Structure formats: C-alpha cells, structure tokens
Amino acid sequence: MWIDSHCHLDFFPAQIIKKTIKSAKNSQVTNIVIPSVSPKNLSQVVDLAGQDDSLFYALGFHPMYIDEIDDSDLHRLAECVKNSLPVAIGEIGIDLFAKKDNIKKQEYFLASQLEIAINFDLPVILHTRNAIDLVLKYLRRYRVKGGIAHAFNGSNQQAHQFIDLGFKLGFGGAMTYPRAKHIQRLAKELPIESIVLETDAPDMPPFWLEKTQQNQPKELEKIGTFLAQIRGLDPHKMAKIISKNTSQALPMLGKLCT
Ligand SMILES: [Zn+2]
C-alpha cells in the first residue's frame with residue numbers, strides 16, 4: 001500500500017472525485033492526505049475526507065492565499081482544528097517565487113499557524129518555495145513536533161536541517177523527469193527514513209503523463225516504483241518504508257490506519 005501525503009483532491013471536479021479515489025485504491029494507493037489552502041476550503045476538505053475511510057486532511061492557509069486572510073481567519077482555523085481531527089496544520093509556509101511584496105504578511109501567518117500547531121500538539125505540512133532558509137528560521141523559533149517539507153527541492157544541507165528538526169521530506173512527480181538530476185540525487189542519497197511521497201495532484205504531473213492527462217493520486221504507485229528503482233529496493237519494501245515514514249511524520253494517520 002502507498003500513502004499520498006499531499007493531494008489537493010478537493011480541486012478535482014466533484015463528479016470525478018469518487019472515481020479518482022477508486023482508481024487510486026486500484027493502484028494500491030490506500031491513503032490520501034488532503035491539505036486545505038484557504039478559509040474557503042476548510043470545511044470542504046473536512047467534508048470530503050468524511051466521505052471515505054482512506055482520506056485524511058490537514059488544515060491551514062497556504063502562503064499563496066495569504067492576501068485573502070486576516071486575524072479572524074486564524075481564530076476560525078483554531079476553532080476548526082479544535083472541532084475536527086486534522087492530521088496536521090497545513091498547507092502553510094512561505095512562497096517567494098509567486099510573490100515577494102507581501103513577505104511580512106507571509107511570515108506573520110506562518111508564525112501564527114506554527115503557534116496553532118504547537119497549541120494543538122500537531123505536526124505541520126510546509127510549502128517552502130524559494131524560501132527554505134526563512135522557513136527553517138521560523139522552525140527553530142517555533143518548535144513544532146515535526147511534519148513534512150512538501151515538494152522538497154533544496155540542498156543536501158538544508159534537507160539535513162529539516163531532518164534535525166524532526167521533519168520528513170516530500171518527493172513526487174518532479175523527481176521523475178530525466179533532467180531532475182538534483183532531486184533524484186537527494187532522493188537517492190538522503191536517509192531512507194526521511195522520505196515521504198506525494199503527488200500534489202492535480203499539480204506537479206510526473207514525467208510520463210501527456211499534457212492532456214490529469215495528475216491523480218493513483219500516480220503515486222509509479223512514483224513510488226521510480227523511487228524504489230533509484231534506491232535499488234523492491235517496490236513492496238519501498239511502500240512499507242514510505243507508510244512507516246508517513247505515519248511517523250503524521251502520527252494520527254498511523255493510529256487511524258491501523
Ligand atoms: Zn499543495
């Protein structure tokens with residue numbers, strides 16, 4: 001069985017969601033974690049996850065949606081976390097690729113959401129595009145109980161800084177491109193117990209999908225097999241390792257899966 005630790009399943013058209021979950025299961029992708037991104041989809045991911053035992057969710061505000069939110073949304077987030085069972089606070093972080101002029105606001109909402117994670121003793125799912133060192137700075141200041149640095153594409157040294165802070169690193173479709181030598185080297189050389197997998201579907205299509213084909217959680221099986229190959233491991237063994245790693249990063253998922 002494979003765990004997709006990051007999939008925006010609620011971004012899929014409603015009429016194909018059931019089919020998407022079914023084809024994931026047919027490809028041995030038995031669990032999917034859906035992070036929220038803004039106040040608008042908090043209840044959406046909770047409701048969606050309630051539809052099937054294989055689904056879990058994280059609650060948080062993505063840095064690319066930060067312009068839409070204010071302090072009242074943080075109260076709403078804390079309420080929502082208190083009343084439901086998220087496996088993590090996420091997707092939170094900083095993105096200096098998409099936008100730089102709101103950096104202070106991004107930092108403020110990262111810090112505030114790290115505080116919520118500490119208050120509820122939850123791990124976090126992090127988005128760190130073009131901002132790894134800045135996010136690491138906040139993790140040293142706000143000692144959350146670990147989690148996942150999603151879509152990791154930093155240096156070996158940065159990877160080890162996350163690992164030292166109790167984090168796992170998320171790898172997905174980006175690693176499968178022939179030119180993605182750097183990410184492949186990370187995936188091959190980092191400690192095996194520090195790696196989790198994700199599709200980030202419908203974003204981040206793996207190499208083998210045509211432009212017209214949509215990335216889906218079922219692709220995780222092939223992404224996992226790709227990782228098994230570059231690590232020289234049997235895919236079944238790899239799936240077991242990934243499940244264990246993901247349950248360590250998101251302990252509630254471990255409890256609910258068994
Ligand atoms: Zn995401």
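The legends below describe close-up views of a predicted model. Local features need pLDDT of at least 70 and side-chain atom pairs count only at pLDDT 80 or more, while totals for chains, interfaces and linings use all residues. Residues are numbered from 1 along each chain as its sequence is written.

**View A. The largest nonpolar core.** This core has 71 residues, and V33, I34, Y57, I89, V124 and L169 touch the most other members. A nonpolar core is a set of buried Ala, Val, Leu, Ile, Met, Phe, Trp, Tyr and Cys residues joined through C-beta atoms within 7 Å. Buried means that 20 or more other C-beta atoms lie within 10 Å of the residue's own, with C-beta atoms placed from the backbone.

**View B. Helix α2, residues 42–49.** L42, V45, L48 and A49 are buried here. Seen down the helix axis, the buried residues of α2 fall within an arc of 140 degrees, so they line one face; the arc is that of the directions from the axis to the C-beta atoms. Their cover includes β2 (29–35), β3 (55–59) and α3 (71–83). Helices (H or I, at least four residues) and strands (E, at least two) are DSSP runs, numbered from the N terminus.

**View C. Helices α7 (181–189) and α8 (220–231).** Their axes, lines fitted to C-alpha atoms over the stretch in contact, come within 9 Å and cross at roughly 70 degrees. The two helices are therefore roughly perpendicular, a term for angles of 65 to 115 degrees, on a scale from 0 to 180 degrees between N-to-C directions. Q184, A187 and K188 of α7 make the contact with L227, I230 and R231 of α8; contact means C-beta atoms, placed from the backbone, within 7 Å.

Terms used. A residue is buried if 20 or more other C-beta atoms lie within 10 Å of its own, exposed if 12 or fewer, and partly exposed in between; C-beta atoms are placed from the backbone. Two residues are in contact if their C-beta atoms, placed from the backbone, lie within 7 Å. Angles under 35 degrees count as roughly parallel, over 145 as roughly antiparallel, 65 to 115 as roughly perpendicular and the rest as oblique.
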